[in-house]
Amino acid sequence: MTRHLQSAASSSNNGNTKRGSNKKRYATALIASATASVSYAGYYFFSSAAIPTVSGESVAEESDAKRKTAVFKEQLSTDPTFGYEFVGFDSYPGIELDDETGVATAQLKATSVKNVLSALDAAGFDEHMKGDKSESTTLNPNHALRLGIGQCPTYGCPYLPSDVHFNEQTKLALEELRKKTIAEDGKESSLLKTSGTETAATLTLIGYKGGRMEDQINQDRAFCLSPFMYTNMKDGTKDQPVARLLGVFDGHAKFGERVSEYVVKTLPALLGKKLVAQEELNNQEIGRILQDTFIEIDASSPAEPSGGCTASIVLQIDSNIYVANAGDSRSFVAVHVTDPISNVETTHIIYGTREDKPHLSFERLRVEAMGGNVYIPPGGKGTTRVLYQDPTTGSTSGLAMSRSLGDWDAGDVGVVPDPTIAILNIKDMKSKVIEKLNTNCQNKSKEVEIDPATGESSPSSECATFGENDVKVFSFAATDGLLDYIPENSIADHLAKGLYHNKEAEQSIHLLTACEDLIYAAAQGWQEDKGGRYRDDIAISVADLESDP
């Protein structure tokens, strides 16, 4: 038995067309005018090589013949800059094996609700925190747990995003951070307790969709758990690995914020309970757990009468990184390199999730096989959409992604919650990066320069020997409200300034203010592009993956 709704969601982007050509312009200007309290004149961003993704097909429309022969399979990807190889796979089983994962049966829904409630019990949630009303389904915006009101979940208290502009206390705290007047212990502001530190942070900005500002609803959600103490959810006898969990969730449709809030509340608990239930964990098992978590949250989400959200998360367990994504929010893994001789710093994205868009060949194949239609704008410019019928009005609606949590009516025509998953290893990644850096430097040192006056030759440059401390690994996730206007490489570069620059230097910035800069820069892009008529919600979450959590 499939689930049916009383009404359906409209598209998540409200007609927004992505302006890829504007991205570099807004990134280059970032930051000179985005935040009035500080000047960034002379600060520029640069794009780097293409970023490998899992099953990242071309944006171009594929031929019918190619779509019909598309095959789902494990994918070995290679970072083009350093040659680091990692495994990714699409957890969706394929059309021939599809058991209607996009449309949960009554049995799956009942089982999922039971599993979620059991996980919340194991996480120490009381009855109020389990409630399904909007005021009780969120751990935000008051951040009561981190402020000592109530008890934190057994897996730890998440950092949760505050609004950089419409929360006056947050605006004041960020200004103090810029002036470096907040004490290191954070006693002068609650922001350092609720939304981040120098190594992990998350912030947001409510969008504008027309009407009165006081009537706007921020449907974006995010969290950052550093550490993610999931072993506490059992009996405390298991050794606690170094673990982190971060993610963003972009709600859409009339009640999308209910779904995104639900995911923020339940995903860490459900994922943690599944992880701790296994005596031994390997990559394949964790991949299965991530898929099951997405499917069960989708099946149990408050998606009636309409609502859904993206889900893009990064899970770290010791040296392994697991990135799971459904929808058009994105997560990234990056390295920051410091030359030990020149102190020149560079940042490189090793992996980034794709946007799950309906025009991708495998996605379109699935949607059309399930009776759906994909709308592709004329000329290939604009947002492709999965078209589905509103069961109440009979009108056609469009969803600007091919995977999501919730969106049950779109599930009838091929929109599924199954994530794409990538598995990376910090030690292997750093080893490959260091090897490549040292090889490049040695090759360059073999080049010689000739003094035209004396004819004497000398090495063209001094060769540095890169080591473990010269390469840092971090991760971030962002909703499309940010990514539509700021290139991912620019985001990584600026976040690294907040994570790794000398904190004592006059021009150093805090990680939270780095996030603020990026949010205001994207907001400026929306303002210039839409003339103040529309701005999407914006959320970002970031964490260093090697510091003590």
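Is Lys274 buried or exposed? In this predicted model, Lys274 counts as buried, since its relative accessibility is 18% and the cut-off for a buried residue is under 20%. The surroundings of this residue are described below, after the confidence of the prediction.

The protein has a mean pLDDT of 81, and 76% of its residues reach 70 or more. Over residues 56-72 the pLDDT falls below 50, and this stretch has 25 contacts in the model beyond near neighbours in sequence. Residues 133-148 likewise stay under 50 in pLDDT, and the model gives them 36 contacts beyond four places in sequence. Where pLDDT is low, the predicted coordinates should not be read in detail.

The largest nonpolar core comprises 45 residues. Those touching the most other members are Phe228, Leu245, Phe249, Leu267, Leu271, Leu275 and Leu315. Helices α3 (106-122), α7 (256-276) and α8 (283-300) are among the elements that give two or more residues to this core, as are strands including β5 (220-225), β6 (243-252) and β8 (311-317). The largest share, ten residues, comes from α7. The contacts of Leu245 illustrate the packing within the model: leaving aside neighbours within four places in sequence, Leu245 is in contact with residues including Phe223, Phe228, Leu267, Leu271, Ile313 and Leu315. Apart from this core lies another, of 40 residues, among them Ala492, Ala522, Trp526 and Tyr534.

Ser112, Val116, Ala119, Leu120 and Ala122 are buried in α3. Seen down the helix axis, the buried residues of α3 fall within an arc of 155°, and therefore line one face of the helix. Gln107 and Lys114, on the other side of α3, are exposed. The helix is followed by Gly124, which has a positive phi, near 85°.

Charged residues were considered next. Side chains of opposite charge can pair when their charged atoms come close. The structure holds 21 salt bridges. In one of them, Glu296 pairs with Lys274, with the closest N and O atoms 3.0 Å apart. Because Glu296 lies in helix α8 and Lys274 in helix α7, the pair ties together parts that are 22 residues apart in sequence. Glu296 is buried, with a relative accessible area of 10%, and Lys274, at 18% relative accessibility, also counts as buried.

Other pairs lie within a single helix. Arg288 and Asp292 meet through their side chains in a salt bridge of 2.6 Å, N to O. These two residues are four residues apart in helix α8, so about one helical turn separates Arg288 from Asp292. Arg288 counts as partly exposed, at 36% relative accessibility. In helix α9 (residues 361-369), Arg364 and Glu368 are also four residues apart, about one turn of the helix. The salt bridge between Arg364 and Glu368 has its closest N and O atoms 2.8 Å apart. Arg364 is buried, with a relative accessible area of 10%, whereas Glu368, at 32% relative accessibility, counts as partly exposed. Finally, Asp90, Arg354, Asp356, Glu363, Arg366 and Arg403 are linked in a network of salt bridges.

Conventions: Residues are numbered from 1 along each chain as its sequence is written. This is a predicted model: local features need pLDDT of at least 70, side-chain atom pairs count only at pLDDT 80 or more; totals for chains, interfaces and linings use all residues. Side-chain values use heavy atoms; hydrogens and water are left out. pLDDT is the predictor's confidence in each residue, from 0 to 100. Contact means heavy atoms within 4.5 Å. A nonpolar core is a set of buried Ala, Val, Leu, Ile, Met, Phe, Trp, Tyr and Cys residues joined through side-chain atoms within 4.5 Å. Buried means under 20% relative accessible area, exposed over 50%, partly exposed in between (1.4 Å probe, protein chains only). The arc is that of the directions from the helix axis to the C-beta atoms. A salt bridge is a side-chain nitrogen of Lys or Arg within 4 Å of a carboxyl oxygen of Asp or Glu.
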